[in-house]
Amino acid sequence: MAKAVRLDKFLADAGKGTRSEVKKFIQKGQVQVNGTPAEKPELKVDQDKDVVVLAGETVGAAPEFVYYLLNKPAGCVSATEDRNDRTVMEYVPSDRKGIFPVGRLDKDTEGLLLITDDGDFAHSITSPKKHVDKKYVAKLDGEITEDTVKAFSDGIEFSDGTKCRSAVLECDENDKKTGIVTICEGKYHQVKKMFLCCGLKVVHLQRISIGGLYLDSNLHIGECKLLTDLDKKSVFIGNIH
Ligand code: URA
């Protein structure tokens, strides 16, 4: 039994919940190993031989990497740990080691945040060389004008000389205090600073997409879901730059 692991670890690693959640499934008799209800979380299972069934469905061995999409709430930081603040990891239904947020959203920014343990995947999104589009909905304290749209398109320059690449700013004729911004970089506070350069303050910010992967309207704030392979591929589809 070279690959024997505890049943609760096996279930948690397979994305079925945190260690404490899967322990409850076991206590409630919802888990069977080789056709027999499992009684203890510490029961050892051999990932190659044993058949583990949770609520009628066979559970496969842990995938090499996991990919979560979190609808990040405001009030938590994009870090694996923090001494003062809640972190986004508290919303991930897994205690798998090595998972981390892909890039960062500010503490008060909501929306799409990816969390994974696949370093190459994360790098291909966050690397400044890759230019993956990120789309945000920004609510502002004033109205967007044609000059704002042009300034974004020309490339905003911050007061310290940092130059942003061309960005797309769209807004509805009937709501000029809300902009949809597409940027292909990830500079610190980038969207807020770009608007500030145009005399506008961002009062609410939400990320709605990375590449062709969009926030699912059924996923409430604070909820997290596992990505499918198709979701993962869509991150690299449809970039404008
Ligand atoms: N730009 C910002 O200003 N804040 C974010 O959280 C993301 C992009």
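**Ligand surroundings, strand pairing and aromatic pairs**

A nitrogen atom of the ligand is placed 3.1 Å from a polar backbone atom of V191. Taken alone, the ligand exposes 240 Å², of which the protein buries 96%. These values, like those that follow, were computed from a predicted model. The residues around the ligand comprise L105, D106, T109, Y136, H189, Q190, V191, K192 and L205.

K192 is found in helix α5. Its relative accessible area is 18%, and because the limit for a buried residue is under 20%, K192 is classed as buried. When its neighbours within four places in sequence are left aside, K192 is in contact with D106, D108, T109, V202 and L205.

Strand β12 spans residues 134-140. Since 6 of its 7 residues are buried, strand β12 is largely enclosed by the rest of the structure. Strand β12 pairs with two other strands, β14 and β15. With β14 (residues 175-183), the pairing is antiparallel and extends over 6 bridges; here V137 stands opposite I180 in β14. With β15 (residues 202-210), the pairing is likewise antiparallel, now over 7 bridges, and K135 stands opposite S209 in β15.

A separate set of strands was also examined. In the order β3-β2-β5-β6, 4 strands form an open sheet with antiparallel pairing. Its edge strands are β3 (36-37) and β6 (57-58), each of which pairs on one side only. Between β5 (residues 52-54) and β6, the antiparallel pairing covers 2 bridges, and the bridge partner of L54 is E57 in β6.

Aromatic contacts were then considered. A pair of aromatic rings is described by the distance of the centres and the angle of the planes. The count comes to 3 aromatic pairs in the model. One of them joins F121 and F236 in an edge-to-face arrangement, with 6.0 Å from centre to centre and 90° between the planes. This pair links distant parts of the chain: F121 belongs to helix α3 (residues 119-126), whereas F236 lies in the segment after α6 (229-234), 115 residues apart. The two partners fall into separate accessibility classes: F121, at 7% relative accessibility, counts as buried, while F236 is partly exposed, with a relative accessible area of 38%.

Finally, ring pairs link Y67, F121 and F236 into a cluster.

Note on methods. Residues numbered from 1 in each chain as written. Predicted model: local features only at pLDDT ≥ 70, side-chain atom pairs only at ≥ 80, totals over all residues. Heavy atoms only, no water. Phe/Tyr/Trp six-rings, centres within 6.5 Å; stacked < 30°, edge-to-face > 60°. Buried < 20%, exposed > 50% of the residue type's maximum accessible area, 1.4 Å probe, protein only. Pairing = 2+ DSSP bridges. Near = heavy atom within 4 Å. Polar contact = N/O pair within 3.5 Å; in protein donor to acceptor, adjacent residues only side chain to side chain. Areas by Shrake-Rupley, 256 points an atom, 1.4 Å probe, with all protein chains shown as cover. Contact = heavy atoms within 4.5 Å.
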